[in-house]
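Here are my notes on the model, in numbered points. Please read them with the structure open.

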Amino acid sequence: MCTAAELTSFKRKLARVDPVLANLVRAAGKFTHVPNMEHTPFHTLARAIAHQQLNGTAAESIFGRFLGLYSNEGRQAALLEAELVLATPDEELRAVGLSFAKIAGIKDLAQKTIDGTVPAYEILRTLDDDEIIERITKVRGIGRWTVEMMLMFRLGRPDILPVDDFGVRNGFRLAYGLRGMPTTRALAEFGARWSPYRSVAAWYLWRAVDLHRTGKLPAPASPTRVKLVKKTKKPLRVAAKKSTRARKRRARRA
């Protein structure tokens with residue numbers, strides 16, 4: 001994602017432009033992320049689709065059964081092949097636990113892998129971030145966040161800031177002493193100062209959540225002023241019902 005020299009340069013920059021993140025970096029320690037391109041983009045993105053709206057254990061169980069459909073002599077296939085998945089009847093995919101929506105998404109991914117919309121890593125490495133996002137979000141069920149995770153964790157792109165990621169936003173809230181979540185736009189604007197290593201900043205914001213749990217997160221000198229997400233007000237009918245119940249309780253006590 002970045003060399004040791006680049007990371008050192010980034011830390012020096014933070015001391016000037018963002019002392020809060022600089023303190024977080026010191027508290028969290030060494031940057032340890034290493035990109036992993038063990039699987040093809042098709043395999044990686046199919047797994048992401050399978051994991052949507054499920055907890056990790058359940059999703060891994062379903063994805064494991066899915067891989068088992070293409071195993072060789074009882075051993076799980078190391079890689080998924082788009083052609084094989086596209087030829088598999090929906091009933092077989094449904095039987096391993098995939099919903100119809102996820103089956104449609106994975107088969108659309110398979111088709112777009114075959115037609116080159118989703119290319120191999122060798123080609124992806126030659127494309128810029130925005131083009132990769134534009135191409136892969138054409139796949140049914142895949143949004144910008146999924147592609148950003150791929151850019152960071154598979155391709156090792158150094159300047160990705162996933163502003164829609166709850167962990168990144170929550171880490172920012174904790175590290176910068178906010179009373180609520182920052183808006184995605186506010187986080188994007190504030191994070192511009194971290195370029196060209198916003199992926200590194202995001203990684204440390206995830207660590208901020210861990211440090212907060214253990215009581216080791218440095219407190220900022222003062223809260224940072226950024227726009228926060230407005231708290232939604234309770235519907236009037238709900239509030240009226242609660243008010244009515246409260247009046248009845250008071251009448252019973254009288």
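1. Among contacts in the protein between residues at least 6 apart in sequence, what percentage join residues at least 24 apart? The figure is 68%. Keep in mind that this is a predicted model.

2. Overall make-up. The protein has 14 helices and 0 strands. Read from the N terminus, the elements therefore run α-α-α-α-α-α-α-α-α-α-α-α-α-α. The protein has 254 residues, and 43% of them count as buried.

3. The core. The largest nonpolar core holds 72 residues. Within this core, Leu21, Phe66, Tyr176 and Trp194 touch the most other members. Helix H13 (residues 198–213) gives the most to the core, with 10 residues.

4. Phenylalanine 66. Which residues does phenylalanine 66 contact, once neighbours within four places in sequence are set aside? They are Ala46, Leu80, Val85, Leu93, Val96, Leu98 and Ile106.

5. Helix H3. Of the 11 residues of H3, 9 are buried, so this helix is largely enclosed by the rest of the structure.

6. After H3. Glutamine 53 follows H3 and lies in the loop between H3 and H4. Its phi is near 60°, a positive value in a residue other than glycine. Is glutamine 53 buried or exposed? Its relative accessibility is 83%, and the cut-off for exposed is over 50%, so glutamine 53 counts as exposed.

7. Helix H7. This helix has 15 residues (residues 100–114). At 1.5 Å a residue, H7 should span 21 Å, and its end C-alpha atoms are 21 Å apart, which agrees.

8. Packing around H7. Glycine 116 follows H7, with a positive phi near 95°.

9. The largest pocket. How much space lies in the largest pocket? It is about 390 Å³. Of the 14 residues in the lining, the closest to the centre of the pocket are Arg47, Ala48, Trp145, Met149 and Phe153. H3 and helix H10 (144–153) each supply at least two lining residues. By class, the lining has 7 nonpolar, 4 polar and 3 charged residues.

10. A cis peptide bond. The bond from serine 195 to proline 196 is cis, with omega near 10°. Proline 196 sits in the loop between helix H12 (184–191) and H13. Please check this bond in the model.

11. Threonine 183. This residue lies in the loop between helix H11 (166–175) and H12. Its relative accessible area is 17%; the cut-off for buried is under 20%, so threonine 183 is buried. Beyond its neighbours within four places in sequence, threonine 183 is in contact with Lys227, Leu228 and Val229.

12. Valine 229. Valine 229 lies in the loop between H13 and helix H14 (236–253). With a relative accessible area of 41%, valine 229 is partly exposed. Apart from neighbours within four places in sequence, valine 229 contacts Arg169, Met181, Pro182 and Thr183. Valine 229 and threonine 184 are 45 residues apart in sequence, and their C-alpha atoms are 8.7 Å apart in space.

13. Threonine 224. Where does threonine 224 lie? Its place is the loop between H13 and H14. Threonine 224 counts as buried, at 18% relative accessibility. Neighbours within four places in sequence aside, threonine 224 is in contact with Tyr176, Leu178 and Phe190. Tyr176 is also one of the residues that touch the most other members of the largest nonpolar core.

Definitions and conventions
Residues are numbered from 1 along each chain as its sequence is written. This is a predicted model: local features need pLDDT of at least 70, side-chain atom pairs count only at pLDDT 80 or more; totals for chains, interfaces and linings use all residues. Side-chain values use heavy atoms; hydrogens and water are left out. Helices (H or I, at least four residues) and strands (E, at least two) are DSSP runs, numbered from the N terminus. The expected span of a helix is 1.5 Å times one less than its number of residues. A nonpolar core is a set of buried Ala, Val, Leu, Ile, Met, Phe, Trp, Tyr and Cys residues joined through side-chain atoms within 4.5 Å. Buried means under 20% relative accessible area, exposed over 50%, partly exposed in between (1.4 Å probe, protein chains only). Contact means heavy atoms within 4.5 Å. On a 1 Å grid over the protein atoms alone, a cavity is a set of points where a 1.4 Å probe fits but cannot get out, and a pocket is an open set with protein on both sides within 12 Å along at least five of seven lines; lining residues have an atom within 4 Å of a point. Grid points are joined across faces, edges and corners, and a volume is the space filled by probe spheres set on the points. Ala, Val, Leu, Ile, Met, Phe, Trp, Tyr, Cys and Pro count as nonpolar, Asp, Glu, Lys and Arg as charged, and the others, Gly among them, as polar.
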